[in-house]
Amino acid sequence: MQPLKKVGLGITFLLLALLMGSAEAKTSRRKIHRVGLQRDTDQRKILRNLGHQNKVIRSKPRLTTAQAETTMLTASSSSSSSSSIPTETLTNSYNTEYYGQVTIGSQQFQVLFDTASANLWVPSVKCTQKVCLQHNRYNSSRSKTYAANGSAFQIQYATREEAVILEGFLSTDRLNIAGLTVKNQTFAEITSMPESVFNRSNFDGIFGLGFRSISIGDVNPPLLNLFEQGLIEAPLFSLILNRNASEPSNGGQLLLGGSDPTLYSGCLTYVPLSQVGYWQITVGSISLDTGSDLCSNCEAIIDAGTSLIVVPSATLAAINKRFGITAADKRDGVYTISCDKVSSLPALTFNIGRRDFTLPASSYILNYDGTCVSGFTSLSDGGNDLTGLWVLGDVFLGPLYIEFDMEYKRIAIAPKL
């Protein structure tokens with residue numbers, strides 16, 4: 001069985017590693033099921049995990065630069081009634097991890113919602129490593145709805161130094177998310193995971209929101225099961241991530257099965273996927289201020305499991321030069337910058353579907369209690385960077401509302417209110 005090689009998860013761990021060091025030194029068209037997000041405000045963990053992400057950068061299978069013509073469609077807002085929408089609270093940990101609570105066989109887990117993978121996995125009670133003991137573990141003997149599967153499962157996280165591999169086996173049980181119960185959801189019980197990576201994670205497992213074509217073992221993803229069992233009216237979800245630290249009880253929302261026009265400004269811009277499997281699109285251009293484009297007709301994957309924006313190494317060098325960042329500013333795989341510079345940095349503009357979406361510097365520079373971190377990183381200092389792909393993580397998602405539509409194989413994007 002071919003292992004999944006995934007890009008985004010490691011970036012999150014880099015920030016938390018860096019923070020710990022700093023602290024020690026100092027109405028919709030369809031029925032919608034809503035998941036609320038809540039922000040974790042424990043400042044001691046912030047930078048520690050972001051720095052560790054580059055040690056666990058996930059490269060993804062069959063990544064290509066295939067391009068498709070990007071078109072724009074607009075949709076007018078419709079009324080929304082959200083008073084009866086099932087809501088589940090999630091946690092936003094320092095704008096680096098967005099995770100929430102699900103139950104599998106009546107056992108509770110915190111799972112990272114990841115748009116760049118398609119499997120659900122949690123630690124197994126059969127994992128006796130110290131790192132597993134730090135997390136909630138699934139115990140099939142405690143579930144009356146468990147069904148054995150037993151197929152081997154493996155995810156590989158590619159890094160510069162070593163291969164990081166999670167291993168386990170598949171099982172089947174009931175899954176509950178946002179008050180919706182999925183019958184016979186197949187998921188992975190992890191029996192072996194790298195302690196150096198997951199002892200820093202605030203979540204127990206991963207909840208993949210990608211297409212079945214990238215699912216390990218051809219397992220039907222949870223979102224498709226929600227749709228096929230009639231729990232949501234369409235195989236789509238919408239995502240907003242709250243990046244405002246002054247609103248700790250409202251970190252964002254994951255909407256299952258529809259869109260809510262009261263959450264975005266103006267019209268949605270619809271963009272077809274250029275490569276189905278991941279949420280990959282062709283971006284017309286990406287530029288800083290009025291200068292030359294950082295890229296034109298570039299391929300990008302939207303990945304809520306990645307904290308930063310991952311760019312080719314040559315592009316990162318150009319951005320760092322523009323910002324005045326040097327090699328001396330690199331800490332644990334990410335780059336720090338003086339917070340005094342942020343107000344003078346240019347805006348970052350993405351032309352998607354012939355429409356400009358602009359991020360101010362305050363969106364792409366992360367400020368952790370006076371320590372500022374650039375929102376850009378790269379997989380390596382040179383060589384092959386995912387064949388030129390960009391990975392648009394939480395830094396990109398923060399100011400935006402995005403609908404992910406599996407049926408029509410497209411995304412829809414608008415400024416978030």
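Helices and strands here are DSSP runs, numbered from the N terminus. The model behind these close-ups is predicted.

View 1. Serine 201 sits in the loop that runs between helix 4 (195–198) and strand 12 (205–208). Its relative accessibility is 9%, so serine 201 counts as buried, the cut-off being under 20%. Look for two partners around its side chain. One is histidine 135, whose side chain makes a polar contact of 3.5 Å with that of serine 201. The other is phenylalanine 198: its backbone oxygen lies 3.0 Å from a polar atom of the serine 201 side chain.

**View 2. Alanine 152 on strand 9.** Strand 9 covers residues 147–158, and alanine 152 is part of it. With a relative accessible area of 54%, alanine 152 is exposed. Pick out isoleucine 216 as well: it is 64 residues away from alanine 152 along the chain, yet the two C-alpha atoms are separated by 9.9 Å.

**View 3. The largest nonpolar core and phenylalanine 350.** This core has 77 residues, and the ones touching the most other members are Ile309, Phe350, Tyr364 and Phe396. Strand 17 (residues 279–288) supplies the largest share of the core, five residues. Zoom in on phenylalanine 350 and skip its neighbours within four places in sequence: its contacts then include Val283, Ser285 and Ile286, along with Ile309, Arg355, Asp356, Leu392 and Phe396.

Conventions: Residues numbered from 1 in each chain as written. Predicted model: local features only at pLDDT ≥ 70, side-chain atom pairs only at ≥ 80, totals over all residues. Heavy atoms only, no water. Helix = DSSP H or I, 4+ residues; strand = E, 2+ residues; numbered from the N terminus. Buried < 20%, exposed > 50% of the residue type's maximum accessible area, 1.4 Å probe, protein only. Polar contact = N/O pair within 3.5 Å; in protein donor to acceptor, adjacent residues only side chain to side chain. Core = buried A, V, L, I, M, F, W, Y, C linked by side-chain atoms within 4.5 Å. Contact = heavy atoms within 4.5 Å.
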